[in-house]
Amino acid sequence: MDDARENELARALDSPDPGVVLEAAHAIRHEWDRAVLRALAEVGGRLQKRLPEMEFDGALRANRTHVETALKRIRLAMTDRCLCAAYLTEDLYNPEREAEAGRVRLLEFIVVPEEYTTRSRCECMACGDIFTVEEREYHYSWWIWQRVATRKKG
Ligand SMILES: [Zn+2]
């Protein structure tokens with residue numbers, strides 16, 4: 001476990017500054033170290049309680065949803081499910097970025113020129129689950145992940 005990272009994220013989640021909390025939330029979206037995430041459970045619970053009183057801005061999407069997503073990921077880490085389950089409930093995971101980060105392997109990647117979007121098929125590097133991913137585009141891009149096959153249990 002990376003103690004420094006975990007402490008840094010915990011301090012940020014406890015911050016009264018919404019900007020600092022938001023930055024930590026973005027980092028947590030891409031955090032795959034379950035021990036780091038689990039260490040944030042307590043501070044996450046505190047943040048959950050004061051979240052309704054916090055003010056976040058964000059033009060196209062409420063930044064609050066990013067913080068809620070981070071808290072959801074911390075709760076997911078407390079279970080024994082693979083963290084790729086977060087792909088199913090969050091729509092800002094870009095499969096190309098996930099592949100670059102070594103989280104998934106792109107099995108197929110198709111550009112759909114008439115829609116300016118992409119379709120892909122990915123395999124989770126941690127558990128082997130297979131996902132299809134459809135990109136959607138409207139002011140910003142988002143991605144719909146669906147699990148199509150499970151390799152291992154859990
Ligand atoms: Zn997985």
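How many bridges join strand S3 to S4, and which way do the two strands run? Keep that in mind while we set up the view.

**Before you select anything**

You are looking at a predicted model, in which local features need pLDDT of at least 70, side-chain atom pairs count only at pLDDT 80 or more, and totals for chains, interfaces and linings use all residues. Residues are numbered from 1 along each chain as its sequence is written.

**Stop 1: the two domains**

Colour residues 3-77 as domain 1 and residues 84-149 as domain 2; these bounds come from an automatic or database domain assignment. The C-alpha centres of the two domains lie 23 Å apart. Seven residues from domain 1 and eight residues from domain 2 make the contact, where two residues count as touching if their C-beta atoms, placed from the backbone, lie within 7 Å. On the domain 1 side, the residues that touch domain 2 are three nonpolar, two polar and two charged. For these classes, Ala, Val, Leu, Ile, Met, Phe, Trp, Tyr, Cys and Pro are nonpolar, Asp, Glu, Lys and Arg are charged, and the others, Gly among them, are polar.

**Stop 2: helices H1 and H2**

Now select H1 (residues 3-13) and H2 (residues 18-29). Helices here are DSSP runs of H or I with at least four residues, strands are runs of E with at least two, and both are numbered from the N terminus. H1 and H2 pack at an angle of about 140°, with axes 8 Å apart. Axes are lines fitted to C-alpha atoms, for helices over the stretch in contact, and angles run from 0 to 180 degrees between N-to-C directions. The pair is therefore oblique, a label for what remains after under 35 degrees (roughly parallel), over 145 (roughly antiparallel) and 65 to 115 (roughly perpendicular).

Show side chains for Leu9, Ala12 and Leu13 in H1, which meet Val20, Val21, Glu23, Ala24, Ala27 and Ile28 in H2. This contact has eight nonpolar residues, no polar ones and one charged.

**Stop 3**

**Stop 4**

Next, bring up the open sheet of four strands, ordered S1-S2-S3-S4 with antiparallel pairing; strands pair if DSSP finds at least two bridges between them. S1 and S4 (140-149) are the edge strands, each with a single partner, so one side of each has no neighbour in the sheet. From one strand to the next, the twist averages 20°.

Zoom in on S1 (residues 104-112) and S2 (residues 117-124), an antiparallel pair joined by eight bridges. Valine 104 sits opposite cysteine 124 in S2. Their hairpin has four residues between the strands, and tyrosine 116 takes a positive phi near 55° there.

**Stop 4: back to S3 and S4**

Finally, select S3 (residues 130-138) with S4: nine bridges join them, and they run antiparallel. Click valine 133 to find tryptophan 145 opposite in S4, then glutamate 137, whose bridge partner is serine 141. One residue lies between the strands of this hairpin, and histidine 139 takes a positive phi near 70°.
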